[in-house]
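Welcome! Please keep the view open beside the text as you read.

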Amino acid sequence: MNTGKTRGYVLTFRCINCGRHEVFAHYASERIVFEDQIRGRLYQVSCESCGWNGDACGLSAIRISHTTELKARAAGQGLGFPCLNATQKKLAG
Ligand SMILES: [Zn+2]
C-alpha cells in the first residue's frame, strides 16, 4: 500500500553554486535512525533556488530534521550507498 507519504528525515544543504540553503535531501525510514548513519550516505540533490543538481554527502548537511510526512517521490532520495569519504576511510583503515 502506498499512501504517498512516509516517515523519514529531511537534510538541508547549502548550495555550492548559489550559496542558499535551498538544497534538500530525504532519508526515508520508518524507524529512528542515528544521525551518523544518515550523514554517512550520499544523496542526489537539486537546488530549489538556482536549479543546480549533483551529489551531496550527508556529512555536509547543515540541518537534519525528522518528518512524518515525507513525499514518497520527492527529489533528493538517498542513493543508498555511503559517500566517498566514508569509503575512503574504510579502505585506509
Ligand atoms: Zn543554488
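Is Gly51 buried or exposed? Gly51 is exposed, because 11 other C-beta atoms lie within 10 Å. The words used here have cut-offs: a residue is buried if 20 or more other C-beta atoms lie within 10 Å of its own, exposed if 12 or fewer, and partly exposed in between, with C-beta atoms placed from the backbone.

## Before you start

The model is predicted, so local features need pLDDT of at least 70, side-chain atom pairs count only at pLDDT 80 or more, and totals for chains, interfaces and linings use all residues. Residues are numbered from 1 along each chain as its sequence is written.

## The overall plan

The protein chain has 2 helices and 6 strands. Along the sequence they follow the pattern β-β-α-β-β-β-β-α. Helices (H or I, at least four residues) and strands (E, at least two) are DSSP runs, numbered from the N terminus.

Of the 93 residues in the protein chain, 23% are buried. Contacts tell us how the chain folds back on itself: two residues are in contact if their C-beta atoms, placed from the backbone, lie within 7 Å. Among contacts between residues at least 6 apart in sequence, 66% join residues at least 24 apart.

## How the strands pair

Let us begin with strand E1, which covers residues 5-13. Strand E5 (residues 63-71) pairs with E1 in the antiparallel sense over 7 bridges. Two strands count as paired if DSSP finds at least two bridges between them. Within this pairing, Leu11 has Ile64 in E5 as its bridge partner. E1 also pairs with strand E2 (residues 23-28), again in the antiparallel sense, over 6 bridges.

E2 is largely enclosed by the rest of the structure, because 5 of its 6 residues are buried. As a general point, side chains in a regular strand alternate between the two faces of the sheet.

## The hairpin of E3 and E4

Next come E3 and E4, which run antiparallel and are joined by 5 bridges. They form a hairpin with 5 residues between them. Gly51, placed in the loop between E3 and strand E4 (53-57), has a positive phi of about 90 degrees.

Cys57 lies in strand E4 and is the bridge partner of Leu42. The C-alpha atoms of Cys57 and Leu42 are separated by 4.5 Å, although the two residues are 15 apart along the chain. Cys57 counts as partly exposed, because it has 18 other C-beta atoms within 10 Å.

## The nonpolar core

Which residues touch the most other members of the largest nonpolar core? In this set of 16 residues, they are Leu11, Phe13, Val23, Ala25, Tyr43, Val45 and Ala56. E1, E2 and strand E3 (41-47) each supply at least two residues of this core. A nonpolar core is a set of buried Ala, Val, Leu, Ile, Met, Phe, Trp, Tyr and Cys residues joined through C-beta atoms within 7 Å.

Leaving out residues up to four places away in sequence, Leu11 touches Phe24, Ala25, Tyr27, Ile38, Tyr43, Gly58, Ala61 and Ile64.

## Where two loops come together

Now look at the loop between E1 and E2, which holds Cys18 and Gly19. Cys18 is partly exposed, because it has 13 C-beta neighbours inside 10 Å. Gly19 counts as exposed, because it has 11 C-beta neighbours inside 10 Å.

Which residues does Cys18 touch, not counting residues up to four places away in sequence? They are Cys47, Ser49, Cys50 and Trp52. From C-alpha to C-alpha, Cys18 and Ser49 are 7.8 Å apart in space and 31 residues apart in sequence. Gly19 and Cys50 are also 31 residues apart along the chain, with 9.6 Å separating their C-alpha atoms. To return to Gly51, its C-alpha atom is 9.1 Å from that of Asn17, and the two residues are 34 apart along the chain.
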